[in-house]
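Here is a friendly briefing to read beside the sequence and the 3D view.

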Amino acid sequence: MSQPSPAPTPSAAAHESLLSVTRRHLSALARALVTPSYPATPLLARSPRRWLRRLPYAVAGLLTIILIPTTAQLLTRDYGLNGGLASVLAAAQAAPLLLAVTRPLPAWWIAFIADTVGSLAVLGYADLPERSWPWQPPNIIGYLFLLLFLALREPRHTLMAVWLVTGGVGVFLGIPGARYSDGSNVLMFVLGGVVLLVGGALRERGDAQRRLAEQETISEAERARRTLLEERARIARELHDVVAHHMSVITVQADSAPYRIGGLPPEAEREFGTIAATARESLAEMRRLLGVLRSEDARGERAPQPGLDRVPQLVEATVRAGIPTTLSIAKDVAALGPLPQAVDLSAYRIVQEALANVVRHAPGAPTNVSILTSADRTGLTVLVVNGPASGAPGPPLETTGTGHGLVGMRERVRLVGGTLDTGPLPDGGFRLAARLPLVEVAQPAKNTADGADGTAPGATEAMETTESTAGAASAGRDPLAP
């Protein structure tokens, strides 16, 4: 019978955990050496000063011009290398400074390998104990500037990996060539650490300042947006107080007119009653909107929202404004049953805004409002077409506007995943066709430009038609309106 393996002791578990952490950190450092963390943009490219943006190129170019001939002459005269080999090594050691302006990590690899190869190439020179080894003075100068460029671009773990590799190779070269080494490997390790530390601190300070500036910009934009929203809410409340007073006066006067003025015909009394009812309805809608504005957590309106069942009232009100209107509702619309609330409300608001735009910008224009379903009963089409404005009523009721009518309709259509087609007609009128799906869609459809209304041929024959003698319905804002 086999014996169960003994459980690991606490010391063994701690040792394994330490090895795991060490391997993980070494793996991260190795990845950092081959993965640049910044895009290939020039150093100081974000500086607002032109001379600062050109400074890295000037420093790299000047050092390259000085170090290449100096290093080549030093390797040839003092270390006995062949002139061609010395020139190649000198170029490989100094030229990466030009690349370091945009790609410091690949440039460091090239220069580091070239410096190591150069140190090994002069290892058999007879007078080497009297020379600087393993790093020559020009190598140290160029390498330190290269580390500075690297520190200004790469994060901490990359700088740590570069520093450790620099020190490790210095120790590796110094052990077998201890009798040749003059301590330049230690000097390179210490000075390289100082340069990396200072450069990394400067980079992190610059990054922190940029993040702070970006956060201040975002905060300022948020403050401006909040101020704008608060001002809009304040204006809406003030507007409600002003308009509500006048609407209340209109309501009282319209209700009391039959009692204050004797001998009114029945038609006039009914007209005053209609005016009072319309004023009360408008006042109720304003109060509901005001409740949302004054609420800390606006959860929506609790009162029922209007729908297609109230479109005939809109048409009648528009008729009384003196604009001929025709309302056509297909028979199969009623057969659909209750519509989705968002579709029902959107259809009502689209007709409401369209009729209001006709009254404002095309007074006296004959208008037709059609509401029908698609052939497969999966969509609802709201079509509003008005002719050119009549010359008799005079100028439009409004000569200025915000131009947000069509924008609001597009937002409502996009909310339910439908499409909106708008555009002027050849005779000077305007046309609006909104298609609202009655089934759930994955993504809201994009609004299209002028296009077909999607009405099937002969659809109007299956409609119940209600005609009025005067009224208005508008497909949208007149293109010439401001």
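A search of the whole structure turns up one cavity of 30 Å³ or more. A cavity here is a set of points on a 1 Å grid over the protein atoms alone where a 1.4 Å probe fits but cannot get out. The model is predicted, with local features needing pLDDT of at least 70 and side-chain atom pairs pLDDT 80 or more, while totals for chains, interfaces and linings use all residues. Residues are numbered from 1 along each chain as its sequence is written, and side-chain values use heavy atoms, leaving out hydrogens and water.

- The largest cavity has a volume of about 90 Å³, taken as the space filled by probe spheres set on grid points joined across faces, edges and corners.
- Its lining has 14 residues, and Q93, A94, N139, G142 and Y143 are the closest to the centre; lining residues have an atom within 4 Å of a point.
- Helix 6 gives the most to this lining, with five residues; helices are DSSP runs of H or I, at least four residues, numbered from the N terminus.
- The lining divides into nine nonpolar, four polar and one charged residue.

**The backbone**
- W133 and P134 are joined by a cis peptide bond, with omega about 10°.
- P134 sits in the loop between helix 5 (104-121) and helix 6 (137-151).
- L44 has a positive phi, near 60°, and is a residue other than glycine.
- L44 lies in the loop between helix 1 (10-34) and helix 2 (50-77).
- L44 counts as partly exposed because its relative accessibility is 40%, between the cut-offs for buried (under 20%) and exposed (over 50%), with a 1.4 Å probe and protein chains only.

Terms used. Helices (H or I, at least four residues) and strands (E, at least two) are DSSP runs, numbered from the N terminus. On a 1 Å grid over the protein atoms alone, a cavity is a set of points where a 1.4 Å probe fits but cannot get out, and a pocket is an open set with protein on both sides within 12 Å along at least five of seven lines; lining residues have an atom within 4 Å of a point. Ala, Val, Leu, Ile, Met, Phe, Trp, Tyr, Cys and Pro count as nonpolar, Asp, Glu, Lys and Arg as charged, and the others, Gly among them, as polar.
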